[in-house]
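I opened this entry to record what I looked up in the model.

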Amino acid sequence: MEFKSLKNIESSFRQIRLFGIIFVLLCAAIVGYSLWSSYDFAEKQREKIYVLDGGKSLMLALSQDLSQNRPAEAREHVRRFHELFFTLSPEKSAIENNIRRALLLADKSAYDYYTDFAEKGYYNRIIAGNINQTLKVDSVVCDFDKYPYDVRTYGRQLIIRTSNITERSLVTQCRLLNAARSDDNPNGFTIEGFNILENKDIQTVKR
């Protein structure tokens with residue numbers, strides 16, 4: 001009789017221990033799921049921007065992953081640099097303003113081209129000849145498979161004189177480095193190793 005009681009006690013102890021282990025595992029699973037859900041919820045909340053409109057209405061906007069916009073920002077950065085650097089009017093202050101803004105987007109390689117043009121009297125001839133120069137960027141090809149990003153730009157220059165209009169092809173290459181964003185550099189890139197590969201006349205049309 002005592003042996004049977006001991007056996008029942010041992011069996012009951014095993015059952016209690018099994019239930020205890022199952023209970024602990026369930027608690028651990030619940031705690032783990034709760035922690036994962038809390039982390040996931042916090043991440044989703046960080047992707048949201050709350051905007052107050054005059055302190056009255058509340059608008060919710062989902063923020064986008066910045067990496068999704070980097071290719072478009074890179075092309076825009078390169079396009080903007082070329083437009084500023086190669087679009088010139090016969091006015092000294094306008095030329096200096098465009099060049100200054102362009103050089104904020106690039107390193108010394110672009111400045112070297114500027115000083116070379118200036119020393120050869122390029123800008124003085126534009127002013128003296130009352131010449132307007134504009135640039136149309138046709139395409140910007142970026143390689144994002146390696147860093148710094150290799151970029152090649154294709155465009156056309158229009159050199160507008162009082163007697164004729166000359167169209168020139170322009171092909172350049174450079175590399176893009178990530179940089180801090182600022183008012184002068186909103187896309188957060190710096191152009192390095194800027195080099196003009198081709199710049200030749202296509203046609204000249206009399207006016």
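The expected span of a helix is 1.5 Å times one less than its number of residues. I am working from a predicted model.

Helix α3. I looked up residues 92-103, a helix of 12 residues. From the first C-alpha to the last, α3 reaches 16 Å, close to the expected 16 Å. I then listed buried residues in α3 and found Ile95, Asn98, Ile99 and Ala102. Viewed down the axis of α3, the buried residues fall within an arc of 95 degrees, so they line one face of the helix.

Backbone. I noted a cis peptide bond between Tyr147 and Pro148, with omega about -5 degrees. Pro148 sits in the loop between β3 (132-143) and β4 (149-160). Asn130 is in the loop between α5 (122-128) and β3, and is partly exposed at 44% relative accessibility.

Salt bridges. I found 11 in the structure. Asp112 pairs with Lys108, with the closest N and O atoms 2.8 Å apart. Both belong to helix α4 (residues 108-119); they are four residues apart, so about one helical turn separates them. Lys108 is exposed at 56% relative accessibility, whereas Asp112 is partly exposed at 36%.

Asp138 and Arg156 form another salt bridge, at 3.3 Å from N to O. This pair links distant parts of the chain, strand β3 and strand β4, 18 residues apart.

I also recorded Asp150 with Lys146, at 3.1 Å between the closest N and O atoms. Salt bridges with shared partners join Arg70, Glu73 and Arg181 into one network.

Conventions: Residues are numbered from 1 along each chain as its sequence is written. This is a predicted model: local features need pLDDT of at least 70, side-chain atom pairs count only at pLDDT 80 or more; totals for chains, interfaces and linings use all residues. Side-chain values use heavy atoms; hydrogens and water are left out. Helices (H or I, at least four residues) and strands (E, at least two) are DSSP runs, numbered from the N terminus. Buried means under 20% relative accessible area, exposed over 50%, partly exposed in between (1.4 Å probe, protein chains only). The arc is that of the directions from the helix axis to the C-beta atoms. A salt bridge is a side-chain nitrogen of Lys or Arg within 4 Å of a carboxyl oxygen of Asp or Glu.
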